[in-house]
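Visitor: I would like a quick tour of this model. Please take my questions one at a time.

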Amino acid sequence: MAFMRKQAVVEAIDLNTITPEDAERRITAGVKKYATNEANYAAADANTPYLGHIVGMGIESSNLADITMSIERQFLTRMTAKIGAGEGSADFKLAPGELGKLRILDGQDALAATPGLSVKMLMDLGHMPKNDAYLEKVMSFAYVMATGDGWKTADALKKMAAKAEKLAGAERVEALANLNSLVARAKDYDALLADAAKLAASKSAAYRHDKDGYDALNSELGLTVDKIKGASAGGDAALLAKLRGEEAEIRTRLKMSAAKLRVSQEVAEAAGRRRAIESAKVAEVRAALQAAVSSAAKLS
Amino acid sequence: MPLEAEDVEALRLQRLLSRVLVVPVSLVVGALARLHFKYRLDENIDALRAEIWAKLDGHDGPVIWAANHLTLIDSFLVYWAVFPASRLLEERRIPWSTPEYTNYYRLGGPVQSALIRGLLYLCRCIPFLRGGEDAASDSWRQKAFDKCAWILRAGGAVFVYPEAGRSRSGWLEPRRPKDFLGKLALEVPGAKFLCVYLRADRQIATTSYPPKGDRLRVVADLIDGALPGETNPRDVSQRLFDRLAAMQQEWWRGSRMARNCAGNDVVDLKGALLRENFSEDLSEADPSWLGRHLTERELAYLARQGPAGLFRTFWRFFCAKEACHKALGRAVIVVPNGAFREIEVDLFRRKALHLPTGLQLDIRFTDDDEDKLHCVAVLRGGYIGDETAEGDVLWTVAGVPPAASPGAFVRELALDFIASANDEIGSAAKLALIEDGGLPGVLWRGAAQDWSLSLSHSGRFAAASFMIS
């Protein structure tokens with residue numbers, strides 16, 4: 001099969017023979033053709049988000065899988081031996097084996113939102129040695145999201161202020177009402193970013209939602225298992241087959257729910273931990289928010 | 001159809017036995033709700049009960065309880081919320097329930113199953129069978145209907161879920177009424193509907209039970225059953241669904257969750273990067289790349305479309321998934337980036353399922369031509385619309401001017417579109433965009449609007465959608 005992608009052939013390299021910085025450079029180079037914000041891409045570092053236009057590379061969601069597949073094509077790993085995840089399950093884990101093609105399994109890339117986080121993912125999964133000095137420079141997923149929202153808020157405020165400035169009469173009055181509301185939101189968000197504990201509390205709401213969902217699904221599974229017991233006792237083969245199908249579906253959903261829960265748990269926990277890199281990035285976005293607020297305040 | 005004498009005798013015996021145990025059973029229901037599940041009722045529950053019971057006292061006839069349905073324990077919760085302990089001796093008012101046989105009557109081994117059946121018997125349950133198209137299932141349903149009618153004719157009360165099952169979207173959709181309750185009301189003309197909308201504060205999806213520790217808020221009303229001259233069950237059911245839908249709106253006005261949850265996505269089918277995992281003639285695709293986006297069912301559907309339909313069908317799946325991702329995000333259900341397989345799309349039925357939560361969304365392709373696809377998805381808040389009926393989602397798709405930034409252009413497009421769709425707004429200058437938890441929103445008169453704004457751009461196209469319900 002001749003895929004259009006064939007032009008992009010790269011020589012894969014053993015992840016254990018390169019530095020994290022080399023891996024990051026290769027990862028960043030591998031996504032160049034998907035980046036629609038050339039300026040941000042040119043200045044990209046470990047913490048530049050793949051997605052988004054304000055500070056991100058501008059990669060579109062239709063190319064998200066391409067990022068992961070680009071990483072897979074570029075590296076070799078010793079984590080190639082498949083180990084079954086459990087009896088009756090088609091799932092598997094990867095364990096040390098012969099040097100071979102890198103495989104990133106379903107859901108493993110959920111937090112890899114920047115080149116640095118992609119390298120962290122490779123370290124966490126055992127494909128390359130852990131390097132604490134490198135990881136110190138990598139902003140957590142929680143803060144990529146939190147600062148991203150801050151940049152968006154500052155941008156919206158700046159644009160609204162620029163628009164309101166040109167208006168007159170009743171339109172200006174309405175625009176200023178919106179502007180004041182935006183200023184209040186920007187101030188609130190600035191205060192949220194200033195306090196790691198508050199930020200963690202706000203992120204834990206999503207975790208609680210996911211936990212509720214996971215618990216509810218678990219109880220659905222318990223109920224279906226009870227129905228299977230009942231159908232077994234009644235000897236209804238057709239019903240039993242239907243219920244076993246339901247059980248398999250719920251188990252698949254439960255696995256996805258657990259993966260989702262791990263992401264939101266990681267985000268909620270990481271939001272409360274602020275290292276130097278996160279503090280620096282938070283300071284940058286807070287400065288942008290405060291600048292936007294102060295220029296908007298001149299209008300109102 | 002009249003019940004046979006032995007069925008009538010059986011119902012009389014069940015009524016007698018349940019009467020004896022009504023007080024302890026009701027107290028246990030209340031205690032479990034409060035102590036085990038730690039639920040609280042809304043602060044105004046006493047006022048609501050007083051209002052409803054004043055109406056019930058004014059109606060000396062049969063009552064059909066009709067409530068929205070989201071969890072397996074809704075019947076108990078509605079009963080606990082509406083029926084005060086002081087009224088427990090008014091046994092005629094205590095409703096008979098119609099639980100689904102396959103959900104409740106064959107749970108666990110023989111002992112557990114027998115205990116549950118015994119409890120359901122004492123709780124005045126008439127097992128109902130919703131599935132099955134064969135004569136035996138039809139006959140079962142007819143008998144259950146006849147039992148309900150007999151109870152109502154005797155001046156009693158029955159509790160039936162009008163939606164005939166738990167809502168898979170978490171939303172009661174008034175445009176899809178079921179006829180059962182309309183038929184029942186026509187069968188017993190003196191009956192009134194006791195409409196109840198009960199939902200826990202954090203209840204998003206269909207679950208076994210509401211989140212533990214949650215507050216349950218209730219809206220209730222007593223309305224007419226069949227009106228004089230009414231003969232069509234659909235008309236009666238439609239009136240009931242409309243009332244329940246209005247109560248749903250009232251419930252959501254007091255909620256902190258976003259009511260409107262919709263999303264959109266546009267795909268530029270001529271975009272070069274969309275083709276790179278396909279063969280040059282677009283008749284084949286990299287299987288591992290497809291596997292990262294599509295579930296087994298979706299892959300099977302894709303295979304059935306043949307080589308000629310491969311490219312377009314794949315991107316229809318993708319477009320629908322992206323639209324659903326945004327609609328779910330509005331309900332604080334975050335689909336992690338790249339987790340495309342968490343959403344399973346059925347292009348034929350125009351439905352999508354979020355697998356981890358089981359939430360079902362409606363999808364609709366508004367633009368589907370050689371150049372582009374545009375899909376909208378609705379989880380809740382209104383009707384998506386179809387070829388015959390306008391929905392509650394408005395959308396626009398436009399070309400991005402050559403020199404413009406797509407991100408900035410789609411934002412301007414959205415505000416202009418919203419302003420043009422509402423005479424009261426008139427000018428986009430009166431609106432502002434906000435970002436809330438990574439999702440776009442709209443400010444009007446300084447207040448954030450629950451319009452579920454969704455933005456998308458791809459290659460040469462930009463699109464925006466919002467809800468007007």
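Guide: Contact here means heavy atoms within 4.5 Å. This is a predicted model: local features need pLDDT of at least 70, side-chain atom pairs count only at pLDDT 80 or more, and totals for chains, interfaces and linings use all residues. Residues are numbered from 1 along each chain as its sequence is written, chains are lettered from A and ligands numbered from 1 in the order in which they are written, and side-chain values use heavy atoms, with hydrogens and water left out.

Visitor: With which residues is Tyr50(A) in contact, leaving aside its neighbours within four places in sequence?
Guide: Tyr50(A) sits in the loop between helix H2 (38-42) and H3 of chain A. Helices (H or I, at least four residues) and strands (E, at least two) are DSSP runs, numbered from the N terminus. Outside its sequence neighbours within four places, Tyr50(A) is in contact with Ile27(A), Val31(A), Met57(A), Gly58(A), Ile59(A), Ile67(A), Ile71(A), Ala112(A), Ala113(A), Thr114(A), Pro115(A) and Ser118(A).

Visitor: Is Tyr50(A) buried or exposed?
Guide: Buried means under 20% relative accessible area, exposed over 50%, and partly exposed in between (1.4 Å probe, protein chains only). Tyr50(A) has 2% relative accessibility, so this residue counts as buried.

Visitor: Which residue of chain B is in contact with Thr68(A)?
Guide: Thr68(A) belongs to helix H3 (residues 64-74) of chain A. Its relative accessible area is 7%, so Thr68(A) is buried. Beyond its neighbours within four places in sequence, Thr68(A) is in contact with Ile104(A), Asp109(A) and, from chain B, Arg292(B).

Visitor: How many helices and strands does chain A have?
Guide: Read the elements from the N terminus: β-α-α-α-β-β-α-α-α-α-α-α-α. The count for chain A is 10 helices and three strands.

Visitor: What share of the 300 residues in chain A is buried?
Guide: The C-alpha atoms of chain A fill a box of roughly 75 × 55 × 40 Å along the principal axes. Chain A exposes about 13,900 Å², and carbon and sulfur atoms supply 56% of that area (Shrake-Rupley method with a 1.4 Å probe; for residues, only the protein chains shown count as cover). Of the 300 residues, the buried share is 48%.

Visitor: How far apart do the centres of the positive and negative sets lie in chain A?
Guide: Lys and Arg count as positive and Asp and Glu as negative; His and the chain ends are not counted. Each charge is placed at NZ of Lys, CZ of Arg, CG of Asp or CD of Glu. Chain A has 42 positive and 39 negative side chains, and the centres of the two sets are separated by 2 Å.

Visitor: Now chain B. What radius of gyration does chain B have?
Guide: The radius is taken over C-alpha atoms, and the globule rule is 2.2 Å times the number of residues to the power 0.38. For 469 residues, a compact globule would be near 23 Å, which agrees with the value for chain B, 25 Å.

Visitor: Which residues touch the most other members of the largest nonpolar core?
Guide: A nonpolar core is a set of buried Ala, Val, Leu, Ile, Met, Phe, Trp, Tyr and Cys residues joined through side-chain atoms within 4.5 Å. The largest has 155 residues, and the two touching the most other members are Trp315(B) and Ile363(B).

Visitor: Which element gives this core its largest share?
Guide: The largest share is 12 residues. They come from chain B, from helix H11 (residues 306-330).

Visitor: Which residue of chain A is in contact with Trp315(B)?
Guide: Set aside the neighbours within four places in sequence. Trp315(B) is then in contact with Val267(B), Leu269(B), Leu274(B), Phe278(B), Trp289(B) and Leu373(B), and, from chain A, with Ser62(A).

Visitor: What is phi of Arg124(B), and is the residue buried or exposed?
Guide: Arg124(B) lies in the loop between helix H5 (110-122) and helix H6 (135-153) of chain B. Its phi is positive, about 60°, although Arg124(B) is not a glycine. With a relative accessible area of 4%, Arg124(B) is buried.

Visitor: How does Arg445(B) count at 48% relative accessibility?
Guide: Arg445(B) is in the loop between strand S14 (439-444) and strand S15 (447-449) of chain B. Its phi is near 55°, a positive value in a residue other than glycine. At 48% relative accessibility, Arg445(B) counts as partly exposed.
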